[in-house]
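The following exercises are meant to be worked through with the sequence and the model in view. Each task is followed by its solution in steps.

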Amino acid sequence: MTLPTILAVIPARGGSKRIPRKNITLFHGKPMMAWPIGTLKSSGLVADILVSTDNEEVAEVARDVGAEVPFMRPPSLSDDYTGTAAVTKHAVDWFVSNRYRPDLILTVYPTAVFVSADDIKRAVETINRLNCEMVFSAVEFPARIQRALFIADDGRVRMANPEYYAARSQDLPVAYHDAGQFYLSKTETALAGTSYDVVPSAIVPIARDRAVDIDTPEDLRIAERIFQYHLEATR
């Protein structure tokens, strides 16, 4: 069977309010984005790795660790409100116009230090097996969301779904949330700028201890400890 040609796109803008220079901050001795780029390079699954950034320092680091930065992302796609789908579309538009048309697009966040080649391989197998338009990493909620609580305006606690008050956890369906690591899509889906909420999609479940969304200094400290645990476990 012929393997699909995959273009990896890493959206890595320079601005970060809570962790300055987050995408290139040192993480276990390397710039953070070096970890997912290294995984992609060694996986043997992707043909090209393209980093989309608006920052020269990020671009330099990306090139140093083996990715391409053939253009600088325009300011209109570099603010706090621009979504990943729009950034990916811009990068794929450029690549298809200037290089060739790949079969699949793999968008990987520069902070996805726990992403593995096996995750990506499972995503490729899933998108082919289910003939869907997008597959992304997801993780199981630690508790059943049907029994979620919230605080009402009067300060008292309420159940979001009181009809499940007496239900046993094992009798309720498992729910997942986006793990914030990667999205694998068909090229036409990426070029349309659509996301998994509007196209037929599926997930690749990953373990909860590999789904740390690094957004704050506390997240970073937690991720470093978990990463160290995984390093020691594989020795």
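**Salt bridges and a helix face**

At 29% relative accessibility, Lys89 counts as partly exposed; the class lies between buried (under 20% relative accessible area) and exposed (over 50%), with a 1.4 Å probe and protein chains only. The model is predicted, so local features need pLDDT of at least 70 and side-chain atom pairs count only at pLDDT 80 or more, while totals for chains, interfaces and linings use all residues. Residues are numbered from 1 along each chain as its sequence is written, and side-chain values use heavy atoms, with hydrogens and water left out.

**Exercise 1.** Determine which residue meets Lys89 in a salt bridge.

*Solution.* Step one is the criterion: a side-chain nitrogen of Lys or Arg must be within 4 Å of a carboxyl oxygen of Asp or Glu. Side chains of opposite charge can pair when their charged atoms come close. Step two is the partner: the side chain of Asp93 meets that of Lys89, at 3.2 Å from N to O. Step three is the position: Lys89 and Asp93 are 4 residues apart in helix H3, and therefore about one helical turn separates them. Asp93, with 31% relative accessibility, is also partly exposed.

**Exercise 2.** State where the buried residues of H3 lie around the axis, and what they pack against.

*Solution.* Helices (H or I, at least four residues) and strands (E, at least two) are DSSP runs, numbered from the N terminus. First, check the helix: at 1.5 Å a residue, the 15 residues of H3 (residues 84-98) should span 21 Å, and the end C-alpha atoms agree, being 21 Å apart. The expected span is 1.5 Å times one less than the number of residues. Next, list the buried residues of H3: Val87, Thr88, Ala91, Val92 and Phe95. They cover an arc of only 125° around the axis, so they lie on the same side of H3; the arc is taken from the directions from the helix axis to the C-beta atoms. Finally, the buried residues of H3 pack against strands S1 (6-11), S4 (48-52) and S5 (104-108) and helix H5 (187-192), where contact means heavy atoms within 4.5 Å.

**Exercise 3.** Identify the network of salt bridges to which Asp118 belongs.

*Solution.* Asp118 is partly exposed at 46%, and Arg122 is partly exposed at 27%. Then extend the search: Asp118, Asp119, Arg122 and Arg210 are linked in a network. The structure holds 13 salt bridges.
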